[in-house]
There are 2 protein chains.
Amino acid sequence: MLKPNLCYASLKDSYLFFHIAQKTRAYLEAHPDAHLYRMGIGDVSLPLAPAVIRALHAAVDDQGEKGRFHGYMPECGMPSLRETIAAHYGRRGVFLSPDEVFVSSGASDELGDILDLFDRSSRAVIMEPAYPAYVDANTMAGREIVHLPSGPENQFLPLPEEGLDADLIYLCSPNNPTGSAYNRQQLGQWIDWANRRGAVILFDAAYEAFIEEDLPHSIFEIPGARSCAIEICSLSKTAGFTGTRLGYTVIPKELERCGMNLNAMWVRNRTTKTNGVSYILQQGGTAVFTDEGQRQIHENIRVYKENARVLMKALDAVGIRYWGGHNAPYIWMECPRGIGSWEFFDLLLNEIQVIGTPGAGFGACGEGFFRFSTFGDPADTREAADRLIRLLQREAGGSSAS
Amino acid sequence: MLKPNLCYASLKDSYLFFHIAQKTRAYLEAHPDAHLYRMGIGDVSLPLAPAVIRALHAAVDDQGEKGRFHGYMPECGMPSLRETIAAHYGRRGVFLSPDEVFVSSGASDELGDILDLFDRSSRAVIMEPAYPAYVDANTMAGREIVHLPSGPENQFLPLPEEGLDADLIYLCSPNNPTGSAYNRQQLGQWIDWANRRGAVILFDAAYEAFIEEDLPHSIFEIPGARSCAIEICSLSKTAGFTGTRLGYTVIPKELERCGMNLNAMWVRNRTTKTNGVSYILQQGGTAVFTDEGQRQIHENIRVYKENARVLMKALDAVGIRYWGGHNAPYIWMECPRGIGSWEFFDLLLNEIQVIGTPGAGFGACGEGFFRFSTFGDPADTREAADRLIRLLQREAGGSSAS
């Protein structure tokens, strides 16, 4: 009898966003005419940049013409795109060889796939609150997980503690869900810890394009990272590719453990388990890195940053503490009056038709907090902010009267 | 110290197609003006069908327009495409629920990813000669592999033998590389074996569109398959998507082992480890299943079938035994005079500039055989066939004279 992967039986029953979708669907069934203000899932609302659309059309045309048609792509990415991304890092002072850059179908695919490089006995530390897939993907592999909680006391930016014993660590900066971002000195502490222990850092840089302060966009800006880090990037939030799909991963050539080279192992993984990423999507992705593409994607990012300002102003107006919003597309607020985060979710949905994400969905230490995405429609975000102010003022009044 | 996945150290040194590419590059460096007749790697040469191109352009336009823009897609596939594929099976008398169909980025990605559903102690049988990635992907997971060799004595279609002890079996029909295809009665024997043992069949149906005789296109045409089989399909060869990427996988809802439902496990895997397949590619794939799309892809398939006829005629002319060519885009020939398959590769490359694939690359029992792909350019295929006849006649003359 075939034995299935029994680790799946250890997964918790339901997935955060699935649960939110169920509650939302139930609300809409009961209130079919309701307009919802969606600031839950971190999905973009603005269309792709014109330069990207033009490149996608040209690539589709190629696929329809003999002589310009492309069959199998190189499994690790088109050389021209790998060079383009390496040059993009170069402009920030990070010097990569193009064969240290791997083109992917997106960060979430890659965060799951890359675990194949590590022995299942390796122990994973996950800084929490965290993107739920980190925990689930490691649970599926039967890997022991060490939860590294954070909170207001460390600005949701945990640092390596005495005795932290692990082989693999997930760092996401700017962070989903808290919006906090490590500075150079803090990332340096993690790099020192990883190099000392022989651990490997999986650095999720999906939100780097939202950084506005002087903070590292790439872990490779920090000395020592090339011997301990893999960086996983995505065009999903940077360029609106959530439904178009493209990402990239950086694995330095000097990253070795137990005499095995992780860059070479990933080449072997990709050439065995994939046939490369779509030519059309790679051509679209290439356009993101042109001057025109960069200008256009930053126009979209400015719209989302204005959403963040609107929401932060609302929270300031009612005196609620929050993190993020400046260097990240997420705002992480404290729930009022110490209420639970799912209770706050229900309150917002039922009272003001605003959808956010309960902090408890990102790990135990997320309880009591709530995440807003700033990727929504600007008019919706303004209306949601007004509704939030009215609700929270009324709640504050109600609670002091009771 | 992080321990990498040491199973990678057990992989054989080089990958078949990589090795061919190296030899080809070396030849071109020595003979920069040579024209090569490429019938090695199974990559298509004809552009995408006009109906697909139109759908891709329309989808790109959607991604550029507010109101029509698509963000995150459902992880298991667009409901409309899952329904379209289920309806396509229905026209062949195979009735699937749309949520038994999973949209993928292609068969090779899926053949690697799906192994996550099975315990690493499960033993895999691989019918050989075989696509090399089957062996490598299981080696990476540390899985024990049972090689099930085939040869001319069973028309390269092995059947379950007394005492065959395994949990997972790979069947590829029509087969890559041999071009052989199982009939209903033979597939029925495998299904009986799998149901009796509780094994699971991974059925690779990537070449089903090339079937011209009365043979099963899907394993689900055979009674009993729903309790023991997963079918992995691809638009790569069917519709020329090798560089565009799209596939689909069928997992029946009654497929359970040890009380765990494999369809539900795959939903959990996809929702955790992916964010779905590109909207643009799914729209392009949907067009393949329209009446217009089906008519157009079969026009391309007819061109490849004409290539097969040209090559079969050449082999008939020189009296060489071969398999495939009728229900598959591959021709599997016996090397002349008992020479080794890499030796034959070198002979063809150096003497007549024709590139094929040495049988030894598909497993030990492939030695002494050689694969031609019929996906090449028709004019190149005709010239290659003429050169093959001249070479093999000269070789036969030379060998009889010596």
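Reader: What makes the copies, chain A and chain B, meet through the same surface?

Author: In this predicted model, 100% of the interface residues of chain B are also interface residues in chain A, so the copies meet through the same surface. The contact takes 70 residues from chain B and 71 residues from chain A. On the side of chain B that touches chain A, the elements giving two or more residues are helix 2 (50-63), helix 4 (107-113), helix 5 (132-140), helix 7 (262-273) and helix 8 (279-288) of chain B, and the residues of that side divide into 36 nonpolar, 21 polar and 13 charged.

Reader: How do you know whether A:Ala287 is buried or exposed?

Author: A residue is buried if 20 or more other C-beta atoms lie within 10 Å of its own; A:Ala287 has 25 other C-beta atoms within 10 Å, and is therefore buried. A:Ala287 lies in helix 8 (residues 279-288) of chain A.

Reader: Which residues are in contact with A:Ala287, leaving aside its neighbours within four places in sequence?

Author: With those neighbours left aside, A:Ala287 is in contact with A:Ala51, A:Val52, A:Ala55 and A:Gly293, where contact requires C-beta atoms that lie within 7 Å. As for A:Gly71, its C-alpha is 20 Å from that of A:Ala287, and the two residues are 216 residues apart in sequence.

Reader: Into which domains is chain A divided, and how many residues of domain 1 are in contact with domain 2?

Author: Chain A is divided into domain 1 (11-48 + 292-395) and domain 2 (51-289), and 34 residues of domain 1 of chain A are in contact with 39 residues of domain 2 of chain A. On the side of domain 1 that touches domain 2, the elements that give two or more residues are helix 9 (291-317), strand 11 (322-324) and strand 12 (330-334) of chain A, and helix 9 of chain A gives the most, with seven residues. By class, that side of domain 1 has 17 nonpolar, 14 polar and three charged residues.

Technical notes:
Residues numbered from 1 in each chain as written. Chains lettered and ligands numbered in written order. Predicted model: local features only at pLDDT ≥ 70, side-chain atom pairs only at ≥ 80, totals over all residues. Contact = placed C-beta atoms within 7 Å. Helix = DSSP H or I, 4+ residues; strand = E, 2+ residues; numbered from the N terminus. Nonpolar A, V, L, I, M, F, W, Y, C, P; charged D, E, K, R; others polar. Buried ≥ 20, exposed ≤ 12 C-beta atoms within 10 Å, placed from the backbone. Domains from an automatic or database assignment.
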